[in-house]
Protein chains: 2
Amino acid sequence: MISYIEPRLLKGFRDFLPHTEIIRRGLIENIENTFKTFGFVPIDTPAMEYAEILLGKGGGETEKQIYRFKDNGDRDVALRFDLTVPFARFIALHRNELTFPFKRYHIGKVWRGENTQRGRYREFTQCDFDIIGNDSPSSDFEILLLIRATLLNLGLDVTINVNHRALFNRFLSHIGQVEKSVEILRIVDKLSKIGEEETRKSLCEISGDVNVRKILEFIGAKGSFKEVLDRITELSGGACAESQRLSMLYQFMLDAMPNQNNEPFVLAPSITRGLDYYTGVVFETFLNDMPDIGSICSGGRYDNLAGLYSKDTSISGVGSSIGLDRLLAALESLNKLPPSNSCSIAIVCVEIEKSGQYQALAARFRQEGLPCEVFLETGGNPDKHLVKQFVLAEKKGIRYVIIPGVNPLTDNITLREIAARKNNEISINEAITYLTSLIHG
Amino acid sequence: MISYIEPRLLKGFRDFLPHTEIIRRGLIENIENTFKTFGFVPIDTPAMEYAEILLGKGGGETEKQIYRFKDNGDRDVALRFDLTVPFARFIALHRNELTFPFKRYHIGKVWRGENTQRGRYREFTQCDFDIIGNDSPSSDFEILLLIRATLLNLGLDVTINVNHRALFNRFLSHIGQVEKSVEILRIVDKLSKIGEEETRKSLCEISGDVNVRKILEFIGAKGSFKEVLDRITELSGGACAESQRLSMLYQFMLDAMPNQNNEPFVLAPSITRGLDYYTGVVFETFLNDMPDIGSICSGGRYDNLAGLYSKDTSISGVGSSIGLDRLLAALESLNKLPPSNSCSIAIVCVEIEKSGQYQALAARFRQEGLPCEVFLETGGNPDKHLVKQFVLAEKKGIRYVIIPGVNPLTDNITLREIAARKNNEISINEAITYLTSLIHG
């Protein structure tokens, strides 16, 4: 007796069927095209590295979620759980082979043994982009602009909330609370989740009434970018390097989009990006048509990316990461997914013996930039075989079907428009011209 | 004291720096474009699956090489070591969601703990394409044609060696040696490696003198496709289903390429693809300019792809796999790699305060389809800062540099051609027209 193995997937892992995979690849291609127009270049790193490298300083959540095991050579290895740590290791290893400032992107899969009940996947695709080896506000700004351009090219209007992490610390220092900054940051970061009242209560336990009022005034500052900037500058004890940097960013926004003011950019003093390693500008990106889905692209400036792997002078940078799964879900909800069918023409099979000639006919369409599938069999019963193939075409999302003549390469063809159920006898050249105008023009 | 972690990679794993990654992605895009013109659609499967599923019936080599471990939920999991086994599982799991014949491709990484001393990598990219659910010779032929088109679109002329696995078995049956077919196949498969003399010796031990002469006559048949077909048909005891199928393939070749005869296709009776699961047509592809590198695209027809995972009626198919690493190595040796620089224009930074305006200027070029990088800082010393940026441009492979005027969005710009060290003062619109003609036309 033969035993069968039940075909099943691990929890949190997915197959991508053609319909979805075409959309995913189209989305990635669209994003990459924007990156390229800004002169960003791709890299890749291995899925598997020494666990020591990926875990670095460690951290409770990461240690629990990482896929870690001994390989056949008894090495302690793990699968990458993000693209940031491998990038830090990459920079430390290859710094002498790279030209700085280094503008790179990296799109790849990462793995985390997360709790799938929260709707999370254990295998998902990240899309990171960074500028490394440049400290100036022009690179902070370029990342912001690139986020906006990338999402605009997907048909999405966004609001990017910007803040300066060190300005918040300067403010805490000004009110004598800097030694509590880690706890305060942790609470403030949850403001949008737990609400102002909870935030106030938690902060009170740490900093006392007077300071809480000041902190809430700082993180709650509202108005135009300029108004908020003036207010938080004042609350931090006056102009400083950090406020000047934000001021310069603001000028860049006005200059880069002369007709739109600084419209997509908001100064949001409550954004801190939690306990991440950011030290300068931080940001989060929200869809104007679907803000509730949360930030789909976040990031910031960091001081010393590769510090853990290199004793040499530090390399700072600024970068961001797009959550591809969340973005896909948003595009789907907003009905803005790119079309999924890649081929809209098929040549039906009238006599299987002529399959070689059908391929030669298809080659003529392909040469003219018209993707063209060849159907491989007649579908049995001669009375019904065409109908069967029309049904197949419809199932596959093919819109135009070519019924070749007796001499497939010279005779007129019958062009059938599937949706309209309309047949038209025309020459091959006429069909090429007509289909080109329908599909490309 | 801070301790550093040495940045290093696991043996057999690689980073891809931008130069190489741009080429890899360009190569994959090129291959995908050909697949699309034939109406093939992409799928993806998880990197990790239940070990039971990936190991299937098992097999010595696979068991030794697979990365297998217990995940945090104590599940016995493994990383995929090819794209064929996951595809079989995929078909068993999703057969009711798919439309047959199903023409799919799958490009993805796989992992094998191979001996790296043979120059093998432990992480590499495979590129598989198959037609599932169709038995007719027209699908065998389409795969052959697609191999040829894919490689031709990369600038590579190929010879595809074709054979029919079952015709060889029929021949063995005819000479009364079919019960030894496994051993004979194993020896014959090594013909090109061990030479005719060794093959003869090994075969002699199994089949005896008379039969060896017949076997060598069969596998050594030379001449045109037609001549070889006639010869091996005769040696197998006359026309049969298998020889008729090859005959039909031959007719398709003539019909599909009327001006080229069947030039890229050779009938090679010694090709058996070892002990693989193939049951029908098998093939191997060699580069005309570099045959010694070995087959860069092999495959064949199989009877029952998903049999291990499904009790239902069997699904047959025909498919092939391109070895991307070998292909890249060949393209490099033949000096046929696609160009690696993705961005050939940069705007230099004259005053950092104008970075916003430089981005607005860059946007005008990007809108016209001209990728354009913005340099982020002046490079220090005002006397030398332009020279420094020219050097940076040269290092990055940027060919044209734009030096903006005092009013970056309205003044004439200076266009510098890096290689020629030539400056030209022109208007922004003139620069767009000129660069468009240089880069796109």
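Colleague: What is the area buried between chain A and chain B, and what share of it do carbon and sulfur atoms give?

Modeller: The size of an interface is often given as the accessible area lost when the parts come together. In this predicted model, the area buried between chain A and chain B is about 8900 Å², and carbon and sulfur atoms give 62% of it. Buried area here is the accessible area, taken with a 1.4 Å probe, that two parts lose on being put together, summed over both. In chain A, the residues that lose the most area to chain B are Ile5(A), Leu10(A) and Leu376(A), together 8% of what that side buries.

Colleague: How many residues of chain A are in contact with chain B?

Modeller: The contact involves 102 residues of chain A and 102 residues of chain B, where contact means heavy atoms within 4.5 Å. As to conventions, residues are numbered from 1 along each chain as its sequence is written, and chains are lettered from A and ligands numbered from 1 in the order in which they are written. Because the model is predicted, local features need pLDDT of at least 70 and side-chain atom pairs count only at pLDDT 80 or more, while totals for chains, interfaces and linings use all residues; side-chain values use heavy atoms, with hydrogens and water left out.

Colleague: At what angle do the axes of helix 8 and helix 9 of chain A cross?

Modeller: Two packed helices are described by the angle between their axes and the distance between the axes. The axes of helix 8 (residues 191-207) and helix 9 (residues 209-219) of chain A cross at roughly 150° and come within 7 Å. Helix 8 of chain A is therefore roughly antiparallel to helix 9 of chain A. Helices (H or I, at least four residues) and strands (E, at least two) are DSSP runs, numbered from the N terminus. Axes are lines fitted to C-alpha atoms, for helices over the stretch in contact, and angles run from 0 to 180 degrees between N-to-C directions. Angles under 35 degrees count as roughly parallel, over 145 as roughly antiparallel, 65 to 115 as roughly perpendicular and the rest as oblique.

Colleague: Which residues of these two helices meet?

Modeller: Among those of helix 8 of chain A are Leu191(A), Leu203(A) and Cys204(A), and those of helix 9 of chain A include Val212(A), Ile215(A) and Leu216(A). By class, this contact of helix 8 with helix 9 of chain A has 7 nonpolar, 3 polar and 3 charged residues. Ala, Val, Leu, Ile, Met, Phe, Trp, Tyr, Cys and Pro count as nonpolar, Asp, Glu, Lys and Arg as charged, and the others, Gly among them, as polar.

Colleague: How far apart are the axes of helix 13 and helix 15 of chain A?

Modeller: The axes of helix 13 (residues 355-367) and helix 15 (residues 428-440) of chain A are 10 Å apart, and the helices pack at an angle of about 40°. Helix 13 of chain A is therefore oblique to helix 15 of chain A. Leu361(A), Arg364(A) and Phe365(A) of helix 13 make the contact with Ile428(A), Asn429(A), Ala431(A), Ile432(A) and Leu435(A) of helix 15 of chain A. The classes in the contact of helix 13 with helix 15 of chain A are 6 nonpolar, 1 polar and 1 charged residues.

Colleague: In what order do the 5 strands of the open sheet of chain B lie?

Modeller: The order is 13-12-14-15-16 in chain B, with mixed pairing. Strand 13 (373-374) and strand 16 (422-426) of chain B are the edge strands, each pairing on one side only. Two strands pair if DSSP finds at least two bridges between them. Strand 14 (residues 400-403) and strand 15 (residues 413-417) of chain B run antiparallel and are joined by 4 bridges; Tyr400(B) stands opposite Glu417(B) in strand 15 of chain B.

Colleague: Which peptide bond of chain A is cis?

Modeller: Most residues other than glycine have a negative phi, and most peptide bonds are trans. The bond from Phe100(A) to Pro101(A) is cis, with omega near -5°. Pro101(A) is in the loop between helix 4 (84-94) and strand 5 (102-111) of chain A. In chain B, a cis peptide bond joins Phe100(B) and Pro101(B), with omega about -5°.

Colleague: What is the phi of Arg421(A)?

Modeller: Arg421(A), although not a glycine, has a positive phi of about 50°. Arg421(A) lies in the loop between strand 15 (413-417) and strand 16 (422-426) of chain A.
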